[in-house]
Amino acid sequence: MAPTPTPPAVPEPRPDRPLPAVELRVPTDEDALHWHRVFNDPEVMEFHGGAPAELSVYEELTARQRRHHAELGFCLYTLLDPADGAVMGFTGAQPWPRDWGPVGEIEIGWRLGRAYWGKGYATAAATAALEAVRAAGVRHVVAMVDAHNTRSIAVTRRLGMHHAETLLIPVSGRTGHCYRLGV
């Protein structure tokens, strides 16, 4: 019998510049309002339905993330600006919430307010969130990214993720890429 091959080592993230300091916290009730405000921008929502979501969407989302953290040990964390404590967005992981795509997988994701783009915060925060996922015993994560979202695709590359499959996103009819990473 042939020996089982050893899986390839997971490459460490290779940022193209030093990563900024980040602070993550489990979302609070008040973070629903902060997320609603910081994501109330058509550019931020371009790959998330195109229009800002109602406050009630963020109220449900922050409540679900608190539950995930209590039950799983990780969630989509609120990302805070370490300089002034302002809410910048979220990053972290959660069970894939839809009935298409990587059902049953743990998805890592991020969404930042426009003022924080291009500064390394998404990569730094996702790297920090991966530590919580590892500590919870998760062995791999996925990221679903719209095929035209070059900024998020760049984050997946900096995290060392690889493109695993291409899918049609049912709601939008757009093409999505599923990226994978062994943690």
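**Note on the β2 region of a predicted model**

1. In the hairpin of β2 and β3, six residues lie between the strands, and Gly85 there takes a positive phi near 80°. Strands here are DSSP runs (E, at least two residues) and helices likewise (H or I, at least four), numbered from the N terminus.

2. This is a predicted model: local features need pLDDT of at least 70, side-chain atom pairs count only at pLDDT 80 or more, and totals for chains, interfaces and linings use all residues. Residues are numbered from 1 along each chain as its sequence is written, and side-chain values use heavy atoms, leaving out hydrogens and water.

3. β2 (residues 76-80) pairs with β3 (residues 87-95) in the antiparallel sense, over five bridges. Pairing requires at least two DSSP bridges between two strands. Tyr77 faces Thr91 of β3 across this pairing.

4. β1 (residues 23-25) also pairs with β2, antiparallel, over three bridges. Here Glu23 stands opposite Leu80 of β2.

5. β2 is mostly covered: five of its five residues are buried. Buried means under 20% relative accessible area, with exposed over 50% and partly exposed in between (1.4 Å probe, protein chains only). Cys75 is buried at 0%, and Cys178 is buried at 0% too. Zero disulfides turn up in the whole structure (cysteine sulfur pairs within 2.5 Å).

6. Mean pLDDT (the predictor's confidence in each residue, from 0 to 100) is 90 for the chain, and 91% of residues reach 70 or more. Over residues 1-13 it is below 50; beyond near neighbours in sequence, this stretch has seven contacts in the model (heavy atoms within 4.5 Å).
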